[in-house]
Amino acid sequence: MAPAHRPRPGRLGRAAGGILFLPDLSRLSRNEQKNLEFLLARADRHKSRIVSFSPVDTRLLVERQGYDPAVAAKLAELTLRLPALREF
């Protein structure tokens with residue numbers, strides 16, 4: 001008897017109870033933004049936190065790069081601004 005095929009866990013499944021880090025939001029295509037929107041809507045169900053980075057302010061992502069405003073607003077719920085190293 002062949003073993004039952006188990007679906008591979010997705011990114012949220014692998015990050016369950018932990019953190020999923022998304023580097024450089026400014027490089028995401030429109031399609032990747034839709035996938036991110038999907039992840040954001042399901043993160044709580046997996047008890048996962050999504051942490052992201054962008055060298056560009058989310059407001060500017062929307063204004064200058066056509067970023068999805070709903071995704072940008074969700075990501076900007078909590079923003080930490082880190083000073084540049086040259087400021088130290």
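Trainee: Which elements make the right-handed β-α-β unit?
Mentor: Strand β1, helix α2 (residues 30–42) and strand β2 make that unit. Helices (H or I, at least four residues) and strands (E, at least two) are DSSP runs, numbered from the N terminus. Right-handed means that, with the strands pointing away from the viewer, the path from the first strand over the helix to the second runs clockwise.

Trainee: Before I go on, what kind of model is this?
Mentor: The model is predicted: local features need pLDDT of at least 70 and side-chain atom pairs pLDDT 80 or more, while totals for chains, interfaces and linings use all residues. Residues are numbered from 1 along each chain as its sequence is written, and side-chain values use heavy atoms, without hydrogens or water.

Trainee: Back to the strands. Do β1 and β2 run parallel or antiparallel?
Mentor: Parallel, and β1 is joined to β2 (residues 49–52) by 4 bridges; pairing takes at least two DSSP bridges.

Trainee: What stands opposite leucine 20?
Mentor: Isoleucine 50 in β2 stands opposite leucine 20. Leu20 is on the covered face of β1 (residues 19–22), together with Leu22.

Trainee: And which residues are on the uncovered face of β1?
Mentor: Ile19 and Phe21. Isoleucine 19 is exposed because its relative accessible area is 59%; the cut-offs are under 20% for buried and over 50% for exposed, with partly exposed in between (1.4 Å probe, protein chains only).

Trainee: Which residues form the nonpolar patch on the surface?
Mentor: Ile19 and Phe21 belong to the patch, along with Val51 and Phe53, and together the four have about 400 Å² of accessible area. That area is Shrake-Rupley with a 1.4 Å probe, only the protein chains shown counting as cover. Patch members have over 30% relative accessible area and no salt bridge; nonpolar side chains (Val, Leu, Ile, Met, Phe, Trp, Tyr) are joined within 5 Å, like charges within 9 Å.

Trainee: Where is proline 23?
Mentor: Proline 23 sits in the loop between β1 and α2. Its relative accessibility is 54%, so proline 23 counts as exposed. Proline 23 and valine 51 are 28 residues apart along the chain, with 8.5 Å between their C-alpha atoms.

Trainee: Switching to charges. How many salt bridges are there?
Mentor: The count is 7, where a salt bridge is a side-chain nitrogen of Lys or Arg within 4 Å of a carboxyl oxygen of Asp or Glu. One of them links aspartate 24 to arginine 27, at 2.9 Å from N to O. Aspartate 24 is buried because its relative accessibility is 16%, whereas arginine 27 is exposed at 68%.

Trainee: What about aspartate 57 and arginine 81, how do their side chains meet?
Mentor: In a salt bridge, 3.1 Å from N to O. Aspartate 57 is in the loop between β2 and α3 and arginine 81 in the segment after α4, so the pair ties together parts 24 residues apart in sequence. Aspartate 57 is partly exposed at 21%, and arginine 81 is exposed at 66%.

Trainee: Which partner does glutamate 77 have?
Mentor: Lysine 74, with 3.6 Å from N to O. Glutamate 77 is exposed at 60%, and lysine 74 is partly exposed at 40%.

Trainee: Is aspartate 68 buried or exposed?
Mentor: Buried, because its relative accessible area is 10%. Aspartate 68 lies in the loop between α3 (58–65) and α4 (69–75). Beyond neighbours within four places in sequence, aspartate 68 contacts Arg30, Gln33, Lys34, Glu37 and Val62 (contact: heavy atoms within 4.5 Å).
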